[in-house]
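Here is my note on this model. The points are numbered so that you can check each one against the coordinates.

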Amino acid sequence: MVAQKPHRLYAKGRVLGHTRSKRNSKEHTSLLKIEGVETTNQTDFYLGKRVAFVYRAKRIVNGSNIRVIWGRVTRPHGNSGVVRAKFASNLPPKAFGASVRVMLYPSRV
């Protein structure tokens, strides 16, 4: 019997930062770069998908110190495959450069 590799149910992404103007930062919307997405047309598949920022906290709650902030991809940003996402609570600045999971659900097919 051939051993199967486990399947990942999410795409990898990186937090680039918050949307901002020259002097002001708008914390309610974050910019994400998804692996393998290079154009605005390729972002269409990910619109509406759920995003998870997984991190470790110091204090243990319910037997685990792993926490998640959930969000959703809202729209493209620019022409190079970056997307905007809104999270249930704003991402902290320590999340800049950190990895996120872009889940492959809900499906719009």
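**Notes on the predicted model**

His18 touches Ser25, Lys26, Glu27, Thr29, Ser30, Leu31, Leu91 and Phe96, leaving out residues up to four places away in sequence. Bear in mind throughout that the model is predicted.

1. **His18.** This residue sits in strand β1, which covers residues 10-20. Is His18 buried or exposed? His18 counts as buried, because its relative accessibility is 9% and the cut-off for buried is under 20%. A polar atom of the His18 side chain lies 3.3 Å from the backbone oxygen of Leu91. Leu91 is also among the residues that His18 touches.

2. **The barrel.** Six strands form a closed barrel. The order is β1-β2-β5-β4-β3-β6, and the pairing is antiparallel. On average, neighbouring strands of this sheet are turned by 45 degrees against each other, with direction ignored. As background, strands of a sheet pair through backbone hydrogen bonds, either parallel or antiparallel.

3. **Pairing of β3 with β4.** These two strands run antiparallel and are joined by eight bridges. Val54 stands opposite Val68 in β4. Val51 has Gly71 as its bridge partner in β4.

4. **Pairing of β3 with β6.** How many bridges join strand β3 to strand β6? Two bridges do, and the strands run antiparallel. Strand β3 spans residues 50-61, and strand β6 spans residues 99-103. Val51 has a partner here too: Val102 in β6.

5. **Val51.** Val51 bridges to Gly71 in β4 and to Val102 in β6. Leaving aside neighbours within four places in sequence, its contacts are Leu32, Ile69, Trp70, Gly71, Arg72, Val73, Phe87, Val100, Arg101 and Val102. Val51 is also one of the residues with the most contacts inside the largest nonpolar core.

6. **The core.** The largest nonpolar core has 18 residues. Which residues have the most contacts inside it? They are Leu32, Ile34, Val51, Phe53, Phe87, Leu91 and Val102. Strands β1, β2 (25-34), β3, β4 (64-77), β5 (82-87) and β6 each supply at least two residues of this core. Strand β5 gives the most, with three residues. Leu91, listed here, is the residue whose backbone oxygen lies 3.3 Å from a polar side-chain atom of His18.

7. **The β3-β4 hairpin.** Two residues lie between the strands of this hairpin. Asn62 is found in the loop between β3 and β4. Its phi is near 55 degrees, a positive value in a residue other than glycine. Most residues other than glycine have a negative phi. Asn62 is exposed, because its relative accessible area is 80% and the cut-off is over 50%. Please inspect this loop.

8. **The β4-β5 hairpin.** Strands β4 and β5 run antiparallel, with six bridges between them. His77 stands opposite Val82 in β5. The hairpin has four residues between its strands. Gly78 takes a positive phi there, near 80 degrees.

9. **Thr43.** Where is Thr43 placed? Thr43 is in helix α1, residues 40-43. Thr43 is buried, because its relative accessible area is 1%, against a cut-off of under 20%. Beyond its neighbours within four places in sequence, Thr43 is in contact with Val37, Pro76, Gly81, Val82 and Val83. One of these, Val82, is the residue that His77 stands opposite. The C-alpha atoms of Thr43 and Ser99 are separated by 18 Å, and the two residues are 56 apart along the chain.

10. **The salt bridge.** The count comes to one salt bridge. The side chains of Glu38 and Lys33 form it, at 3.7 Å from N to O. Side chains of opposite charge can pair when their charged atoms come close.

11. **The cis peptide.** The peptide bond from Tyr105 to Pro106 is cis, with omega near -5 degrees. Most peptide bonds are trans. Pro106 is found in the segment after β6.

Note on methods:
Residues are numbered from 1 along each chain as its sequence is written. This is a predicted model: local features need pLDDT of at least 70, side-chain atom pairs count only at pLDDT 80 or more; totals for chains, interfaces and linings use all residues. Side-chain values use heavy atoms; hydrogens and water are left out. A salt bridge is a side-chain nitrogen of Lys or Arg within 4 Å of a carboxyl oxygen of Asp or Glu. Buried means under 20% relative accessible area, exposed over 50%, partly exposed in between (1.4 Å probe, protein chains only). A polar contact is a pair of N or O atoms within 3.5 Å; within protein, one must be able to donate a hydrogen and the other to accept it, and residues adjacent in sequence count only if both atoms are side-chain atoms. Contact means heavy atoms within 4.5 Å. Two strands pair if DSSP finds at least two bridges between them. Axes are lines fitted to C-alpha atoms, for helices over the stretch in contact, and angles run from 0 to 180 degrees between N-to-C directions. A nonpolar core is a set of buried Ala, Val, Leu, Ile, Met, Phe, Trp, Tyr and Cys residues joined through side-chain atoms within 4.5 Å.
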